Amino acid sequence: MAPAPQVASNPRTVEEIFKDYSSRRGALVRALTSDVDEFFGMCDPDRENLCLYGHANGSWEVALPAEEVPPELPEPALGINFARDGMNRRDWLSLVAVHSDSWLVSVAFFFAARLNGNERKRLFNMINDLPTVYEALVDRKHVKDRSGVDNSGKSRHSTKRTSEGQVKRSRVVAEEYEEEDEEHNETFCGTCGGRYNANEFWIGCDICERWFHGKCVRITPAKAEHIKHYKCPDCSGSSKKTRL
C-alpha cells in the first residue's frame with residue numbers, strides 16, 4: 001500500500017486533526033474494501049488478540065495492541081480475529097467497521113481535548129460530512145450485490161466525449177454516462193476515502209491505478225486536459241526518491 005502524504009505527528013489544530021482523521025479513515029476503508037482479502041487473511045483466529053490500525057500516513061495494519069499502559073493513543077477494538085470464522089463474513093466486516101468508526105472518533109477527540117467547544121464542534125461537523133467506514137462498506141457491498149461486479153477495487157478507464165463529439169479513452173472522469181455510474185460507485189478516493197459521485201470531478205493515477213477527487217490532488221478539469229499520464233502525489237514522491 002502506498003502511503004498517503006504525511007500529516008502532523010501530534011496534530012493540534014482543527015485542520016491538522018481532521019487531516020489525521022481522514023488519513024486513518026481512508027486506510028481503514030481500504031482495509032475493509034479494496035484490500036479486504038488481504039485483511040481477512042491476516043486475521044487468523046488462532047493468533048493472539050489482534051487490532052486493526054489505520055495510521056496517519058494512510059496505511060493500515062493488523063497487529064497486537066500496544067504494550068505500554070496507558071497507551072500513547074486510544075486503542076482500537078481488541079481481538080477482532082477471534083470472531084472471524086464464527087460469523088458471516090459480511091456481518092464480521094460490518095462489526096469491524098463499526099468498531100473502527102468508534103476508534104477513529106476517539107482518536108480525533110483525544111487530540112481535540114485541548115480545543116475549545118466551538119473548535120470541537122467544527123471538527124465534529126467536518127468529520128460528520130464524510131461517510132463513516134461502516135457506510136462506505138455498506139455502500140460498496142450494496143453496489144456489488146446489485147451489479148454482480150467483482151469488487152476488486154481496481155480503477156477503470158472511463159469514456160469522455162470531446163467537443164467535436166468524438167469518443168476517446170481517458171483516465172480522467174470528467175463526464176460520466178448513466179451506465180457507468182454503478183461501476184464507479186465502487187470507487188473510493190485515494191486521499192480522503194470518499195465514495196465516487198458522478199457530480200464531482202475525479203482523476204485516476206496511471207501508476208497505482210487509484211482514483212482521486214480532483215480537489216484532493218489539486219487538479220482541475222482544465223488542467224487535466226493537458227495531462228497525458230497522471231501520477232498521484234504518492235507515486236510522484238516515490239519516483240523522486242528512486243531517482244535520488
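The following legends describe close-up views of a predicted model.

**View 1. The salt bridge between Arg122 and Glu15.** A search of the whole structure finds six salt bridges, and the pairing of Arg122 with Glu15 is shown here. The side chains of these two residues meet with an N to O distance of 2.8 Å. Arg122 belongs to helix α4, which spans residues 117-128, and Glu15 belongs to helix α1, which spans residues 14-32, so the pair ties together parts of the chain that are 107 residues apart in sequence. Both partners are partly exposed: the relative accessible area is 38% for Arg122 and 43% for Glu15. Side chains of opposite charge can pair when their charged atoms come close.

**View 2. The salt bridge between Arg89 and Asp37.** The side chains of Arg89 and Asp37 meet in a salt bridge, at 2.8 Å from N to O. Distant parts of the chain are linked by this pair, with Arg89 in helix α3 (residues 89-111) and Asp37 in helix α2 (residues 36-42), 52 residues apart. Arg89 is partly exposed, with a relative accessible area of 32%. Asp37, by contrast, counts as exposed, at 59% relative accessibility.

**View 3. The salt bridge between Arg210 and Asp234.** In this pair the closest N and O atoms are 2.8 Å apart. Arg210 is placed in the loop between β6 (202-204) and β7 (211-213), whereas Asp234 is part of helix α8 (residues 233-243). The two residues are 24 apart in the chain, and the pair links distant parts of it. Arg210 and Asp234 are both buried.

**View 4. Cysteine residues without a disulfide.** A search of the whole structure finds zero disulfides. For Cys205, the nearest cysteine sulfur is that of Cys208, 3.7 Å away, and Cys205 is in no disulfide. Cys205 is buried, its relative accessible area being 0%. The sulfur of Cys235 has its closest cysteine sulfur in Cys232, at 3.6 Å, which is too far for a bond, because a disulfide requires the two sulfur atoms to be within 2.5 Å. Cys235 is likewise buried, with a relative accessible area of 10%.

**View 5. The lining of the largest cavity.** The count comes to one cavity of 30 Å³ or more, and about 40 Å³ of space lies in the largest cavity. Its lining is made up of Leu52, Pro76, Ala77, Ile80, Val96, His99 and Ser100. Helix α3 gives the most to this lining, with three residues. By residue type, the lining of the largest cavity divides into five nonpolar and two polar residues, with no charged residue.

View 6. At 43% relative accessibility, Thr220 counts as partly exposed. The side chain of Thr220 reaches the backbone nitrogen of Lys223 at 3.1 Å. Thr220 and Phe201 are 19 residues apart along the chain, and their C-alpha atoms are separated by 7.8 Å.

Note on methods. Residues are numbered from 1 along each chain as its sequence is written. This is a predicted model: local features need pLDDT of at least 70, side-chain atom pairs count only at pLDDT 80 or more; totals for chains, interfaces and linings use all residues. Side-chain values use heavy atoms; hydrogens and water are left out. A salt bridge is a side-chain nitrogen of Lys or Arg within 4 Å of a carboxyl oxygen of Asp or Glu. Helices (H or I, at least four residues) and strands (E, at least two) are DSSP runs, numbered from the N terminus. Buried means under 20% relative accessible area, exposed over 50%, partly exposed in between (1.4 Å probe, protein chains only). On a 1 Å grid over the protein atoms alone, a cavity is a set of points where a 1.4 Å probe fits but cannot get out, and a pocket is an open set with protein on both sides within 12 Å along at least five of seven lines; lining residues have an atom within 4 Å of a point. Grid points are joined across faces, edges and corners, and a volume is the space filled by probe spheres set on the points. Ala, Val, Leu, Ile, Met, Phe, Trp, Tyr, Cys and Pro count as nonpolar, Asp, Glu, Lys and Arg as charged, and the others, Gly among them, as polar. A polar contact is a pair of N or O atoms within 3.5 Å; within protein, one must be able to donate a hydrogen and the other to accept it, and residues adjacent in sequence count only if both atoms are side-chain atoms.
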